[in-house]
Amino acid sequence: MIGVFDLLKLVCQKVQRKLLPIWAEGERSIEFCSFSGSSKSKSPPPSFPQRVSVKALKNSNSRTLTTLPTYSDSEIDSSLDDDMINCSSSESEAELEGKNTKLALFEPRQSQTQKQKQPIISDSSSSPDHVMGDTDNPPGAGKHTPPKDFVCPITSHLFDDPVTLETGQTYERRAIQEWLDRGNSTCPITRQKLLSTQLPKTNYVLKRLVASWQEQNPDFVSNQSETTNQKTEPSFKSTTMAPVTSPNSVISQATIDSPMSELRHAITILCTSEILNESEMAVLRIEQFWQEANVDPDVQSMLSKPPVVNGFVEILFNSMDPQVLRATVFLLSELGSRDKGVIQTLTRVESDVECIVALFKKGLLEAVVLIYLLRPSTMSLLEMDMVESLLTVIKKKEDMIKMCLKPKTASVLLLGQIICGSEDSIVSSIVNAIVSTKVLESIAGSLEAEWAEERIAAVGILLRCMQEDGKCRNVIADKSKLGPVLETFMSASDGERFEIVRFFSELVKLNRRTSNEQVLHIIKDEGAFSTMHSFLSYLQTALQEQSPVVAGLLLQLDLLVEPRKMSIYREEAIDILISCLRKSEFPAAQIAAADTIMSLQGRFTASGKSLGRAFLLKCAGLGKSYRNLMRMEQLGKLSGEIEEKLEEEKAAEEWERKMAFALVSHEFGLIFEALAEGLKSRYAELFSACFVSATWLVHMLSVLPDTGIRGAARVCLLKRFITIFKSAKETEDQVLSLLALKSFMNDPEGLRDLSSHMKDIKKGLRELKKSSTLALEVLKVLSEGHDSSAELWNHEELTQADCSENGEVLSITCFKDRIFSGHSDGTIKVWTGRGSILHLIQEIREHSKAVTSLVVLHSGDRLYSGSLDRTARVWSIGNEEIHCVQVHDMKDQVHNLVVTNSISCFIPQGAGVKVHSWSGGSKLLNGNKYVRCLSLVQGKLYCGCHDSSIQEIDLATGASVTIQNGSRKLLGKANPIHALQVHNGLIYSASSALDGAAVKVWSASSYGLVGSVPTTLEVRAMAISSELIYLGSKGGTVEIWDQKKQNKIETLQTSSDGRVLCIALDGNEDLLVIGTSDGRIQAWGLS
C-alpha cells in the first residue's frame, strides 16, 4: 500500500515540474489554427510517458489508454480531502464576500437583475472523506463532524501537536516533520518555499480548542482511524471513463453509469494521474459534462476546489493539444466567472499567470477571457506586452468558442485599461499600432456591444486615438453608431459620462463643417431620451474642470437651428463658460473654458486642431501660416468639385456667425469682460486661448448686427489690444491685435479712441507693412486728413564712428547685423550694429588702393570688393570675420562694381562699361559713353552717364535702349547722373536740380517719365526703401521723401560738412548708414 506521504509526494512532483514549464521552453512551438487544430512539436520527448494525440484516440475504438498506478480510494480521498483544500486559503469570510461582488460585472448593465446566490454543495453522499466533499457542513454529515480547522490536511486526523508554518498553514508536527525529512523545503499546500525548515513551537491555542471539542464529542475519536486497504486498478474503455471500484469509495456507492460518478472519477484522474493522455481525456470529459450539466451548483462546487484548479493548471503547463488547452481555459474561465476562489487559486502562484499569458501570446486567443478574470493591474498588463495579441483578437471576425465573456469583449476591456492608465509615450505607440493594423473599425463596432462596460472601454480607446492621431477621427465618425453610447450615458457613472462627452466633443472636430453638423444631429436625435436634457442635468453636477467641455458640446447642439431669443440650454452653457473663465482660483477650469470657446469657431484641420488662429492671420493678410497648415494637413484635397468646397465654406461662415452672435449677445457682451481678465493671466496657455478668442469675437463684430455690444467690447478690450500690439515680440501676435483694432475703426467712437494712441502704434505699423497688407490699410486710415505723413516717420541718430585716419568712406553695405565699409586707403572694416553702438570687429587691408565698391549677394555667403588697384576680391563671410577666398585681376581700375554669380560689371578708368566673367574673359559695352553710375537688375544693366543720358543694356543679347537722351554742351557745366537705383519696376536717377527736380522717376517697362522728386540738393548717393527715398547730398545732409506722395518727410544733418559719398539700408529697412568724404560713418534708426 502506498502511504499518505507517498501520494502527497507524487502530487507535489507534478507541482515541481512547473519550475520548468513546457510552455516556456524556447524550442517548443504551438500553433492554434482553429478550435480543432493540431499541435506541432519538434522538442525531445518529455520525461513523462509519451502521450497519444486526441485524434489518435478518437480513431481507435478498441485501444485502451495507459493505466494509472493503483491506489486505494482511502488514499486518494485522504490526500485530496476537503479539509486540505479549504485550509489552503487564509482569507477571512469578509474578504471572500467583498471579492465575490466583482462577479456582478459579468451581467449586462441594462439587463442586470438580482440573482439568488447558489449554494456551493457537493454530492449528497454522507462520507466526510470523499474527494469532493465539503467539510464545513457536508450534506448528510452528522453534528459530530469536526471543524475543518481542527483537522490536519496531511493526516486527515484531528490535531494532536499542531504547528503553524510561516505560510499560515497548520499541520500535525510529526506529519510535516516527515515531509521535511524527505528533502522537501516547500509548504505542501501553498507550494511556497520555506525560509526555515526548523519547526515552530506548538500552537497551544489551537491544541486547547481541539481538546475542548474532543471532550464534547468523545465518540468521534474511535471513528477517525477507520480506513480501507482494498485497491482497484482504473481503466478506460474507448472514451468512457470507468469509476474506481473500491467497496468503501463513495464513487462505488453510486450507479456505475451515473454521469456524476463519471465526473468524480474524471476529477480524480485529473488530480492524480501521471499519464498526460489520461489527464487530457479527463479534461475533455469534464468539459463535456459542464456543457451538459447546465451550470449545476454541485458540479461547480466540485470543480472549484484548489486541487482541481491546480490539475487544470498542470494541463496548461504540459499539454500541447489545442483542443485540450482551449477546453481547459474554457473551464477555468467559466469557474472563475462564478467563484472568486478559483481566481484566488490561480493568482496565488505567479508562474500560473505567466503560463496563461504565454499561451495567449502564442495563439490561444480564448485565454484572454481568463486573463481578464484574473484582474491584473495596468503595470502588470504592460509588463505582459500583449497589445499585439489583444489587437489580433479584436480584429478577428469569426466567432470563437462560446464563453462566459466574449474574447473580443475581454480584449477591448484590457486594451482600454492599458491605454487609459499608461503614460503618453506608451499610449502613442499603442495608438500607432491600432491605426496601422486597421483595428479602429472593430473597436468602433464595440460601441454597439451588449455589455455597457465594453462600450465605455471602446469610447476611451477611440478618444485616446483621436487625441494622439487626430486624422483617424474621420474613420471613427464614419464607422461609429452613437445611439448605444447615448443609452450608456444615462446609466454611467460621472467619470464615464465625462469620457463620453469628451468623445463626442473630439468627434465633432472634423475638417468639414457639414460633417460636423451631421454628427451633432445624430448626437441630438438618436438617444432614447432627450440628449439635451441629459447633458444639461449632467452639466449642473459636473466638476469645475469638466463643465466647460460639457457646456461647449451642449451649446453646439443648441445652435443646430437658428438661435432663438431664449434657450435654457444656451443660457446655461454660456453662463458656465464665462463663470469658469473668471475663476482664477481654478486655472485648469479657466484653460478648459478658454480652449472650448476658441474651438467653438468651428474650423479644424484634418487632425482636429483648431484653425482659429491661422484663419484669423489669413484675414489679416498674413496667410502663410494658414497655407502651410492647409498643405501639411492636405485640406486642399477635399473630394468634390469647386461647388462643394464653396458649400463647405458657406456652412463654415454661417456656423461662425451663429456662434459668435450667441456668445457676444449673452448678458450684453459679458464674455468680453471675462476674456479681458484672461488676457491678464500669467499662464501662457490661458493667455493665448483668450487672445485668439477675443480677436475672433471682436473681428466678427464687423459682420454682426450692432446691438450696442461694440461699445462693451471697446471698453473691455481696446487698451489690452493696444498693449499687446506695442509689446508683442512675435509678428503674428501683432497682426492679430491689429486685426481686432481695425474692427474698432468701423465706428467713429472707436476710431477716435484709437487715434489718441496713434503715436504708440505707428512704429509697429511701419514694421508690419512689409508682411501684412492690413498694416498698410490701418496706416492709411490713421493718416487720412493729414497734409503730411511726417508724423508717422521718425529717424533717431544711433551712433557714429570717425575713420578719418583711413581717408574717405567710399563704399558701405549692410548684411544682417553687420556693416561693411570700404576706405580710400584700401582698408575694409567690419562693424556690428548691436544696440546704439558701432562696434568694430575686424579691420583688414589687402587692397593696395582705395576700395570703391562693396557688394553682398542675396545668398549672403560672399562679399565682393572692387578697388583702384585693378583687382576684385571675393570674401567668405563667417560668423564674425571675413576671409579672402579669390582675387580677380580686372586689368583696369574698378569703380561702381555690380555682380552676379557668374559675371561682374564695373566702370573702368576710361569710357564704357566692362563686363568681366568670373571664369575669365571680359568685354567693353557702351564704349562711346562716360558712365558715372551703374545698377544691375534681372540681367539688365542700367547706366547713368556723364552727359546726363541713361541707357538700359540687355547683357544676354547686348541690345541697348536709351531711356534719357544726353545733352552736349560746348560751354557751361555738364549735368552728370551721380546716382541710379532701380526698385519695384521704377528707375530713380539723381543729378543736379537745373530744372527744379534733382531726382526723376522712370518706368522700367515703358521707359517713360512717371514722376520726380522736387529736391534742390546736389545728390551724390541714393537709397530706396519700400516707402521712402533717401538722398545724400554734397553738402552733408540727408533728405527723406515719401515715394507715393513725393513730399519731404525729414532732413537729417550729418556731424560734418563732408560730402555724403555712400548710403545703405539694412534688410529690415530699419537702419540707415552713410559714409562721408571726411571719413565718418553715421547711423540712424527708424523709430
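Close-up 1. Strand β24 spans residues 999–1003 and strand β25 spans residues 1009–1013; the two run antiparallel and are joined by four bridges. Strands here are DSSP runs of E with at least two residues, helices are DSSP runs of H or I with at least four residues, and both are numbered from the N terminus. Two strands are said to pair if DSSP finds at least two bridges between them. Five residues lie between the strands of the hairpin, and Y1007 takes a positive phi near 65 degrees.

Residues are numbered from 1 along each chain as its sequence is written. Because the model is predicted, local features need pLDDT of at least 70 and side-chain atom pairs count only at pLDDT 80 or more, while totals for chains, interfaces and linings use all residues; side-chain values use heavy atoms, with hydrogens and water left out.

**Close-up 2. Strands β6, β7, β8 and β9 form an open sheet.** The four strands follow the order β6-β7-β8-β9, and their pairing is antiparallel. At the edges stand β6 (809–815) and β9 (839–844), each of which pairs on one side only. From one strand to the next, the twist averages 20 degrees; axes are lines fitted to C-alpha atoms, for helices over the stretch in contact, and angles run from 0 to 180 degrees between N-to-C directions. Six bridges join β6 to β7 (residues 818–823) in the antiparallel sense. Within this pairing, C814 has I819 of β7 as its bridge partner.

**Close-up 3. A further open sheet contains β14, β15, β16 and β17.** The order is β14-β15-β16-β17, with antiparallel pairing. The edge strands β14 (895–899) and β17 (922–925) each have a single partner strand, so one side of each is left without a neighbour in the sheet. The twist averages 20 degrees from one strand to the next. Strand β16 (residues 913–917) pairs with β17 over four antiparallel bridges. H916 has S922 in β17 as its bridge partner.

**Close-up 4. R464, E499 and R502 are linked in a network of salt bridges.** A salt bridge is a side-chain nitrogen of Lys or Arg within 4 Å of a carboxyl oxygen of Asp or Glu, and the count by this rule comes to 29 salt bridges. In the bridge between R502 and E499, the closest N and O atoms are 3.0 Å apart. Both residues lie in helix α25 (residues 494–507), three residues apart, about one turn of the helix. An α-helix has 3.6 residues a turn, so residues three or four places apart point the same way. R502 is partly exposed, with a relative accessible area of 22%, whereas E499 is buried at 14%. Buried means under 20% relative accessible area, exposed over 50%, and partly exposed in between (1.4 Å probe, protein chains only).

**Close-up 5. A salt bridge joins the side chains of E649 and R603.** The N to O distance is 3.2 Å. This pair links distant parts of the chain, 46 residues apart: E649 lies in helix α33 (residues 642–665), and R603 lies in the loop between α30 (587–599) and α31 (612–619). E649 counts as partly exposed at 29% relative accessibility, while R603 counts as buried at 8%.

**Close-up 6. K1048 and E1039 meet through their side chains in a salt bridge.** The N to O distance is 3.6 Å. K1048 is partly exposed at 39% relative accessibility, and E1039 is buried at 8%.

**Close-up 7. Helix α18 is shown with its packing partners.** In this helix (residues 387–395), the buried residues include V387, S389, L390, L391, V393 and I394. The buried residues of α18 pack against α15 (350–361), α16 (367–373), α19 (407–420), α20 (424–436) and α21 (440–445).

Close-up 8. Contact means heavy atoms within 4.5 Å. L577 and A589 are 12 residues apart in sequence, and their C-alpha atoms are 9.1 Å apart in space.
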